[in-house]
Structure formats: structure tokens, C-alpha cells
Amino acid sequence: MPAPDDTAEQIAALLDGIVRRQRRGSREGFKDSVTHGQFRVLRTLDRAGRALRLSELAAQLGIVPRSATSVVDDLETAGLVARHPDPNDRRATLVDLTPAGRQILTTLREKRRAVMATQLARLTPAEQETLAHLLHRLTED
């Protein structure tokens, strides 16, 4: 039986490999793909269901506002998000998805789902349920 530290390192390496394969497969054949950080911004805006202030976006992403500004700048240049004045505070700016941003997010999600389905096909339905259960336990606060 491996030492607990060895097991932890082995699991960390396996999870890293799965995530890398997932990201690579999701972007494969997608000409103008976005970075993982940009995907997180698009996903966060979509989940919010409304335009967010940059400070709100940064807080939800767990990053500093300056980093959020840089990512939003790139996404705005690509036409995937748009900035609008906040009607409640003229000093603040809101960020929201554009139709192109929603489309790329939908496409990337579909590709991610397909890549994961291919990986999970190696497991029986019972093994998939067990894996999902264990991953949920690991993500609990």
C-alpha cells in the first residue's frame, strides 16, 4: 500500500492529466478558441444571468480586479463580451456576454461534454456514478 503522500501525489497527477486532456480535446479543431481563464469569465457571466460589475466578476472568479480587467479587455476585443454603463452608478461599468460570446460558450460546453463522454465511456454506469459521488465529496466545503 502506497504512503498517503504518494497516494495524494498520484491522485493529483491523474486529475491534472484528465483536466489537460479535457481542455485540449475541447479546443481541438476550434479555430478561435479562448483560454481557460477567458472560458471561466464567459461561464461566470452566463451563470450570473445578468451583466456584472468588474469588481463582482473578479470576486466571483476569486481574482483581483486588475486581472479581470485584462481578461475582459481581450474578450471585448474578440467581440465576446461588451461593456455598458451601470444605470445605477455612472462611475461603474457592467460586463455582459454578446451573442457571439454565448455561441462560443455553447460550442465549448458541447465539446467539453463530448470529450468527457468519450473518457467516461471506459467506465461502467455504476463506476461513473461512483466517480461522480467521490468527486462531489471532494468538492464539498
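1. Let's start with a salt bridge: Asp46 pairs with Arg102, and their closest N and O atoms sit 3.4 Å apart. (A salt bridge here is a side-chain nitrogen of Lys or Arg within 4 Å of a carboxyl oxygen of Asp or Glu.) This pair ties together distant parts of the chain, since Asp46 is in helix H2 (residues 36–48) and Arg102 is in helix H5, 56 residues apart. Helices are DSSP runs of H or I with at least four residues, strands are E runs with at least two, and both are numbered from the N terminus.

2. A word on what you're looking at: this is a predicted model, where local features need pLDDT of at least 70, side-chain atom pairs count only at pLDDT 80 or more, and totals for chains, interfaces and linings use all residues. Residues are numbered from 1 along each chain as its sequence is written, and side-chain values use heavy atoms, leaving out hydrogens and water.

3. Which other residue does Asp46 meet in a salt bridge? That's Arg109, at 2.8 Å from N to O. Here too the link joins distant parts, with Arg109 in helix H5 and Asp46 in helix H2, 63 residues apart. Asp46 is partly exposed at 27% relative accessible area, and Arg109 counts as partly exposed at 24%. (Buried means under 20%, exposed over 50%, and partly exposed in between, using a 1.4 Å probe and protein chains only.)

4. Now look at Arg53 and Asp89, whose side chains meet in a salt bridge (3.6 Å, N to O). Arg53 belongs to strand S1 and Asp89 to strand S3, 36 residues apart. Is Asp89 buried or exposed? Asp89 is buried, because its relative accessible area is 16%. Shared partners also join Asp46, Asp96, Arg102 and Arg109 into one salt-bridge network. The structure holds nine salt bridges.

5. On to the sheet: three strands form an open sheet in the order S1-S3-S2, with antiparallel pairing. (Two strands pair if DSSP finds at least two bridges between them.) Strands S1 (52–53) and S2 (81–86) are the edges, each pairing on one side only. S2 and S3 (residues 89–97) pair over six bridges, and Arg83 has Val95 in S3 as its bridge partner.
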